[in-house]
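I set out to record what I looked up in this structure, entry by entry.

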Amino acid sequence: AFLRSPRCSALHTMGGGSHTVNTAERLQALREQLSKNTVNAFVVPSEDQHSSEYLASCDERRAFISGFNGSAGCAIVTETDAFLFTDGRYFLQAEQQLDKNWTLMKQGLPDVPTWQEFLSKRLEKAKIGIDATLISASDAETLTKSLAPKESELVSLPHNIVDQVWKDRPARPANSVFHLDVKYAGQSHQEKIEKVREELKKEKRKAFVVTMLDEVAWLFNLRGSDIDFNPVFFAYAVVTLDKVTLFINRAQLHDEAVNTLGDTVDIQPYDAFFDYLRTLPDTLELSSDSKALIGKKASLAVADALGKDRYIIDRSIVADLKTIKNGVELEGFRQSHIRDGAALARYFAWLEEQLNDGVVLDECQGADQLEKYRSELDLFKGLSFPTISSSGPNGAIIHYQPTRGDCAVIKKDQIYLCDSGAQFLDGTTDVTRTWHFGTPTDEEKRAFTRVLQGHIAIDAAIFPTGTTVLTRSSDSWARRPLWQDGLGKQSPSCFSSCHGTGHGVGHFLNVHEGPQAIGIQIAYNSTPLKPGMTVSNEPGFYADGRFGIRIENIVLVREASPPNNFGNKGYLGFEHVTLSPVHKKLIDTSLLTGQEKQWINDYHAETWEKVSPLLKNDPRALEWLKRETSPL
C-alpha cells in the first residue's frame with residue numbers, strides 16, 4: 001500500500017480523541033512572540049499554505065497550540081485570551097480536548113460569531129498578526145474592510161510565530177510522486193491543460209495559478225503521499241496560454257513521471273514559486289485590463305506576489321473541471337466500490353461472530369481488521385481517512401477517531417457506527433454503516449429508520465438541471481423524516497444540521513472535494529449539481545452521550561428521464577455505487593412506505609448480485625451477506 005498511516009489516532013494527528021493537552025506553556029511562549037512582533041493577536045487557521053483540509057504533521061499548527069485536533073477550526077490568541085472556533089461536527093470533541101486556557105466558540109449556534117466576525121466586532125485598535133500564506137486573499141480582503149471601522153488592521157508577519165514556539169516541529173514530507181496511468185485517469189495531462197487554456201481564453205485571462213494540492217495532482221495525472229490518506233504532494237503550478245510550470249522538489253518525481261510530463265511541462269523547485277509569481281506581471285504584461293486568475297482559496301501571499309490589480313479572484317478552473325468525472329473515472333468509482341463492499345461484508349461478518357463468541361474487541365482493533373481486509377483488495381493504495389470506529393456514545397462525536405490504547409470496547413448492547421473509506425487507483429470510497437449486534441431499543445430503531453428514510457429520499461430524488469437551490473432543498477429532503485418526529489435542529493440532540501448531508505468526493509484524490517455538496521450552507525448553493533459529479537448521501541442523527549446514527553453512500557450525478565421534461569431544462573438523479581447492507585434489525589418497518597420497502601429490497605438485491613461473487617473464498621462473509629440482503 002502507498003498511503004500507509006496509523007489507523008487510530010495519536011496525539012496531534014487529525015482525528016478525534018479525548019486527550020486534553022496542557023497548553024499553558026505554549027500560549028505563554030506565543031504571547032511572548034506577540035510582544036516581539038508588536039501585534040495584539042494572532043490567527044492560527046487549520047489550513048496549510050495550499051488550503052488543505054487534511055495536513056502534514058508539520059502544518060498542524062492549530063492542533064499544536066490548542067490541543068484540539070479536529071480537521072476544521074480556527075484559533076485566535078490574544079494577549080490575555082485564547083479562542084477556538086469550530087463547527088457542529090466537532091463540538092463534543094473540542095469540549096473534551098480543550099483545556100481551561102481556551103474558550104470554545106460553537107460556530108453556527110445563535111449569537112456565536114465566526115472567527116472573522118469576532119475579529120471585526122470584538123477587537124478595537126488592534127494589530128492582528130497573520131501568516132499570509134495561510135489566509136486566503138478573499139478572506140483577507142473582506143477582513144481588512146470589516147476591521148477598518150474598529151481601527152484594527154491585519155499585519156502579515158515575516159514568519160509564523162507558532163513555528164517559533166514549536167520546538168519539535170516535524171520536517172516537511174518529500175515522498176515519491178508517481179504517474180497515474182490514463183487507463184485510470186481517463187484523460188492525459190495535455191488534454192486537461194488544453195481545457196484550462198480554453199477557459200482562460202473565454203475569460204480573457206493570461207494565466208491561472210494552481211495552488212490546491214488535489215488540483216495540481218489531477219491536472220498532471222500525478223499522485224503522491226505527502227499527506228496521510230490523501231494521494232497528493234507539495235506543489236504549485238502556473239498555466240499560461242503558452243507555458244506550463246510545475247513547482248515541485250524534482251527529486252520526488254519518479255523517472256516515469258518526468259518522462260510522461262515530457263517537454264510540455266517546465267519543472268521548477270517548489271521554493272521558487274513565489275519568486276516566479278513576482279516576475280509574471282512583467283513577463284505576461286499583466287494589467288488591470290489583462291489579469292491572472294487565482295482561485296478563491298489562494299492565499300494572500302499569492303495575491304501579494306502578483307501585485308495589486310494584476311489578478312482576479314474567482315472560481316478555480318481546475319476545480320470545476322475536476323468535479324465532472326469522465327467515463328473512465330465513473331466506471332472506476334463503480335468497480336472500486338464493489339470491491340470495497342466485499343471488504344465491508346468480510347469485516348461486519350467477522351465482527352458479529354467475534355462479539356457473539358464473547359471476544360472483547362476495542363474500536364481500534366475493529367478498525368485494524370477492516371483495514372486488513374481492504375488491504376487485500378486489488379488496486380488498494382491506503383485508507384481515504386482515519387476510520388471512525390465508534391461504539392455507543394462515541395458515535396455521537398461526528399468525526400470521532402479512536403485513540404490506540406485509550407478507546408472504548410465495542411459492545412453488543414450498543415449501537416456501533418463505522419465510517420470508513422479507501423483509496424484505490426481507480427477510485428475513492430467513503431461509506432458509513434450503523435449496526436447493533438444485540439437488541440436495539442424502540443427509540444434507536446425509530447431514529448435509524450427516520451435517517452434511512454432521509455437517505456432513500458436523496459437517493460431517489462429527481463430534480464431540474466441547473467437548479468442553484470438544489471443543494472439546500474435536497475438537504476431538507478433528508479431532514480424531513482426526522483423533523484416529523486421532532487428530532488431536528490432544535491432538539492438537544494443533533495441531526496445532520498451538524499454536518500452537511502453530502503460532500504464531493506475526488507477520484508483517487510481527497511475524500512472531501514469541492515465545490516459540489518449537499519447542505520444548508522450558502523456556499524453550497526453556488527454550485528448546482530451536474531452529470532458526472534460525485535457526492536456522498538449521509539444523513540445522520542446524534543444523541544449526545546448516547547449514540548450516533550449515520551447511513552452513507554457515494555452517489556454519481558446522472559441524467560434522469562422522467563415522463564415529462566417541462567421547459568426542456570432536463571432532469572438529473574443519482575446512481576448509488578456504495579454496496580453494503582443497511583442493517584434490517586434497526587429498521588422499524590411500520591414507518592416505511594411501500595416504495596421505501598421496495599427501495600431497500602432492490603438495493604439489497606443489487607448488493608448481493610454484485611458483491612457476492614467476490615466472497616467465494618469466505619463462506620462466513622458470504623452467508624452473512626446472503627442473510628443481510630434477504631428481502632424485508
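Which residues in α8 meet Trp218, Leu219 and Phe220 in α9? I found His189, Lys192, Ile193 and Val196 on the α8 side; contact here means heavy atoms within 4.5 Å. The model is a predicted one, in which local features need pLDDT of at least 70 and side-chain atom pairs count only at pLDDT 80 or more, while totals for chains, interfaces and linings use all residues. Residues are numbered from 1 along each chain as its sequence is written, and side-chain values use heavy atoms, with hydrogens and water left out.

**Entry: α8 and α9**

I noted by class that the contact of α8 with α9 has five nonpolar, one polar and one charged residues. The classes put Ala, Val, Leu, Ile, Met, Phe, Trp, Tyr, Cys and Pro under nonpolar, Asp, Glu, Lys and Arg under charged, and the others, Gly among them, under polar. I then looked up the geometry: the axes of α8 (residues 189-203) and α9 (residues 213-220) come within 7 Å and cross at roughly 120°. That makes α8 oblique to α9. Angles under 35 degrees count as roughly parallel, over 145 as roughly antiparallel, 65 to 115 as roughly perpendicular and the rest as oblique. The axes are lines fitted to C-alpha atoms, for helices over the stretch in contact, and the angles run from 0 to 180 degrees between N-to-C directions. Helices (H or I, at least four residues) and strands (E, at least two) are DSSP runs, numbered from the N terminus.

I also checked the burial of α9. Eight of the eight residues of α9 are buried, so this helix is largely enclosed by the rest of the structure. Buried means under 20% relative accessible area, exposed over 50%, and partly exposed in between (1.4 Å probe, protein chains only). The buried residues of α9 include Asp214, Glu215 and Trp218. Lys192 lies over the face of Trp218, at 4.2 Å from the ring centre. The criterion is NZ of Lys or CZ of Arg within 6 Å of the ring centre and within 35 degrees of the ring normal. Just after α9, Asn221 takes a positive phi of about 55°.

**Entry: α14 and α19**

I found that the axes of α14 (residues 327-356) and α19 (residues 619-628) come within 8 Å and cross at roughly 95°. The two helices are therefore roughly perpendicular to each other. Among the residues making the contact are Arg346, Phe348 and Trp350 of α14 and Arg620, Trp624 and Glu628 of α19. By class, I recorded seven nonpolar, no polar and six charged residues in this contact.

**Entry: aromatic rings**

How many aromatic pairs does a search of the whole structure find? The search finds 23. The rings of Phe541 and Phe547 have their centres 6.2 Å apart and their planes at 50°, so I list the pair as tilted. Rings of Phe, Tyr and Trp (its six-membered ring) pair if their centres lie within 6.5 Å; planes under 30 degrees apart count as stacked, over 60 as edge-to-face and the rest as tilted. Both Phe541 and Phe547 are buried. I also noted one aromatic cluster, formed by Phe234, Tyr236, Phe247, Tyr270, Phe273, Phe274 and Tyr276. Elsewhere, Lys381 lies over the face of Phe178, at 5.5 Å from the ring centre.

Ile65 is found in helix α2 (residues 61-66), and at 0% relative accessibility it counts as buried. Ile65 touches, among others, Arg26, Leu30, Val44 and Trp102, not counting residues up to four places away in sequence. The C-alpha atoms of Ile65 and Arg26 are separated by 6.3 Å, with the two residues 39 apart along the chain.

I placed Ala408 in the loop between β16 (388-391) and β17 (415-420). Ala408 is partly exposed, at 26% relative accessible area. Leaving aside neighbours within four places in sequence, Ala408 is in contact with Asp362, Glu363, Asn394 and Tyr400.

**Entry: backbone**

Most residues other than glycine have a negative phi, and most peptide bonds are trans. Against this I logged Phe229, with a positive phi of about 75°, in the loop between β9 (222-223) and β10 (236-240). Ser51 has a positive phi near 60° and, at 18% relative accessibility, counts as buried. A cis peptide bond joins Gly514 and Pro515, with omega about 5°; Pro515 is in strand β24 (residues 513-518).
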